[in-house]
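Look over the sequence and the structure before reading on.

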Amino acid sequence: MHESLDLSPDSLVVAAGRPDRERDAPVNPSVVLSSTFIGTGPLGAGDRGYGRYANPTWEAFEDVLGRLEGSAEPALLFSSGLAAVSAALSLVPLGGVVVMPGHSYAGTVQMASELADKGLFTLRLVDIADTDAVLAALTAEDRAADLLWLESPTNPMLGVADLPVLIAEGRKAGALVVVDNTFCTPLVQQPLLLGADLVLHSVTKYLAGHSDVVLGALVARDPGLRDTLLHHRALHGSIAGPWEAWLALRGLRTLALRVERSQASAQVLAERLDAHPAVDRVRFPGLPQDPGHERAAAQLKGFGSILAIEVGASGGHSGAENADALVRALRLWVPATSLGGVESLIERRRRHVAEPVSVPDNLVRLSVGIESAEDLWADLSQALDALPGHGG
Ligand SMILES: *Cc1c(COP(=O)(O)O)cnc(C)c1O
């Protein structure tokens, strides 16, 4: 694509990150399998040097993701989402303060808690949907926050944060603001444009989109911050394999289509689930009665395609037992953890021992894929109808 082209995200995912248009050039970047790169003089900026510092296949993906998030800087690809979390948390000074949603991705909270237990920093966990509580935590006691972690909507409770306010207040308090944008993708929410310093992705999820790689990424606005993180990645070796990077770029090409389809289906399914007597509650910001609806409508381009339901008790069975029975009775939905793939995934979250007990034990998270919404609903409704007390 020509550098001067001003493209919408739907076109960027297709057109960016391709080789220069020279006669007989390939249309796609190659998988570059090389642990080192030729050089004779002193290594300078822009030299690849060695396979732990750079790889052309990463660069194609990093180019596209940086642009999608609205940064002039390319993204940085990591070996996993959590490797990117680790790099972001390394920015906190010794003895500093981190403010983080209690309902962030469980691995993120676990990592931050373990680092805090070692005494590296103080961790203040907050309810991210409660703006006043977050603002209080930013400036509490005698030490302002050094890093504000944001994740919205939250996993798996689908709480929606007032992102514009929290980002602005976080920066005003002097904190570095990091937003985990995995759930939304840059097509739905662009936190850097609201002033955030860093955006994080588990590329494993929507960006790669086919449940075939584990990868992560960070996008910075500031070139100096990007350099610091690049140095961390090179020194800690948290790098992606070239094959995985290539697969992620291949998946990214259809991101706009996948997000459009799965968001539309999620809305239909949320409304139908909400009307089903076996379901006590649907958490989905696209429903008008959802507590996060107004914020989401103001902040997001769409409502995402993750929803959570709480399955009711019936026929002498607890909600958690019915939730397990529901998952077992499905034939099209795939019972597995993770999200953001072409296939619809479902799981009762509390089957993970690390899941906070504040997540209801009858809560089932659904990641809506790109199958026919009618087929997805037929499968869900047969399984719900079969629960005890509902005909089963
Ligand atoms: C999966 C996930 C992560 C962790 O990413 P991995 O690629 O599994 O290491 C972080 N944040 C969110 C929101 C996630 O869904």
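How do the residues of the lining of the second largest cavity divide into nonpolar, polar and charged? They divide into five nonpolar, four polar and no charged. Ala, Val, Leu, Ile, Met, Phe, Trp, Tyr, Cys and Pro count as nonpolar, Asp, Glu, Lys and Arg as charged, and the others, Gly among them, as polar.

This is a predicted model: local features need pLDDT of at least 70, side-chain atom pairs count only at pLDDT 80 or more, and totals for chains, interfaces and linings use all residues. Residues are numbered from 1 along each chain as its sequence is written, and side-chain values use heavy atoms, without hydrogens or water.

**Cavities**
- On a 1 Å grid over the protein atoms alone, a cavity is a set of points where a 1.4 Å probe fits but cannot get out; lining residues have an atom within 4 Å of a point.
- A volume is the space filled by probe spheres set on the points, which are joined across faces, edges and corners.
- Three cavities of 30 Å³ or more are counted.
- The largest cavity has a volume of about 50 Å³, and its lining has seven nonpolar, two polar and no charged residues.
- Domain 1 (9-251) and domain 2 (256-386) both contribute to that lining, so the largest cavity lies between them. The bounds come from an automatic or database domain assignment.
- The second largest cavity holds about 40 Å³; its lining includes Phe183, Tyr206 and Gln263.

**Pockets**
- A pocket is an open set of points with protein on both sides within 12 Å along at least five of seven lines.
- The largest pocket has a volume of about 580 Å³ and is lined by 23 residues.
- Helix α7 (223-236) gives the most to this lining, with seven residues. Helices (H or I, at least four residues) and strands (E, at least two) are DSSP runs, numbered from the N terminus.
- The second largest pocket has about 390 Å³ of space. Of its 25 lining residues, Leu82, Tyr105, Asn155, Ser202 and Lys205 lie nearest its centre.

**Lys205**
- An unreviewed UniProt entry annotates Lys205 as "modified residue: N6-(pyridoxal phosphate)lysine". Such annotations may be inferred rather than shown by experiment.
- Lys205 sits in the loop between β6 (198-202) and β7 (216-220).
- Beyond its neighbours within four places in sequence, Lys205 is in contact (heavy atoms within 4.5 Å) with Tyr105, Thr182, Ser338, Leu339 and Gly340.
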